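User: Hi! Could you walk me through how the pieces of this model pack together?

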Amino acid sequence: MNMDYDLFMQQMTTTARAEMEAAGYEQLRTPEEVENAFARKGTTLVMVNSVCGCAGGIARPAATHSVHYDKRPDHLVTVFAGQDKEATNVARHLFGEDHIPSSPSFVLLKDGQVVAEVGRYEIEGHDPMSVVTNLQGNFEEYCEEL
């Protein structure tokens, strides 16, 4: 079987991006878009997307379902690790020096400052509902009721 790797990866990333956009997440593809999004007032959930299995099977479904809650972030954004490398690097830099880069992962910002994180170690090997519960616990603590 002969498979065109580049075509396969393009299809995977297109599908992964579409899932996040359908769930209401804004794609941040440039450093400037990241800086502008992180400067917003209120709460912002950043999903660091990936093409790995735990992103597709756990993190993206959790990202989609977690926002169906009484309290949720004001802004939903995503950067794509391995695809939009400069944007992802700027996001990770802005998360601060205590941030351990991982993908997939979630970072909750309040007025541009990190207040909570859900790293890959809290995603990989877990079921989507446990990640949803984790995210919603952060929403409960830091977000306003809609």
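User: Happy to start with a helix pair: at roughly what angle do the axes of α2 and α4 cross?

Analyst: This is a predicted model, where local features need pLDDT of at least 70 and side-chain atom pairs count only at pLDDT 80 or more, while totals for chains, interfaces and linings use all residues. Residues are numbered from 1 along each chain as its sequence is written, and side-chain values use heavy atoms, leaving out hydrogens and water. Helices (DSSP H or I, at least four residues) and strands (E, at least two) are numbered from the N terminus, and axes are lines fitted to C-alpha atoms, for helices over the stretch in contact (heavy atoms within 4.5 Å), with angles from 0 to 180 degrees between N-to-C directions. The axes of α2 and α4 come within 8 Å, and they cross at roughly 35 degrees.

User: Nice! Which class does the aromatic pair of Phe-38 and Phe-95 fall into: stacked, tilted or edge-to-face?

Analyst: Rings of Phe, Tyr and Trp (its six-membered ring) pair if their centres lie within 6.5 Å; planes under 30 degrees apart are stacked, over 60 edge-to-face and the rest tilted. The structure holds 1 aromatic pair. Its rings, Phe-38 and Phe-95, have centres 5.6 Å apart and planes at 25 degrees, so the pair is stacked.

User: How far apart in sequence are the parts that this pair ties together?

Analyst: Phe-38 is buried (under 20% relative accessible area, against over 50% for exposed and partly exposed in between, with a 1.4 Å probe and protein chains only) at 7%. Phe-95 is also buried, at 7%. Phe-38 lies in α2 (residues 31-38) and Phe-95 in α4 (residues 85-95), so the parts tied together are 57 residues apart.

User: On to the sheet: what is the order of its strands?

Analyst: Two strands pair if DSSP finds at least two bridges between them. β2 has 6 bridges to β4 (residues 105-110), running antiparallel, and 6 to β3 (residues 75-80), running parallel. The open sheet of 5 strands has mixed pairing and the order β1-β3-β2-β4-β5.

User: Which strands stand at the edges?

Analyst: Each edge strand has a single partner, so one side of it is left without a neighbour in the sheet. These strands are β1 (26-27) and β5 (113-118).

User: And how many of the 7 residues of β2 are buried?

Analyst: Both faces of β2 are covered, with Thr-43, Leu-45, Met-47 and Asn-49 on one side and Thr-44, Val-46 and Val-48 on the other. Helix α3 lies across β2 and β4, at about 165 degrees to β2. The strand, residues 43-49, is largely enclosed by the rest of the structure, because the buried count is 7 of the 7.
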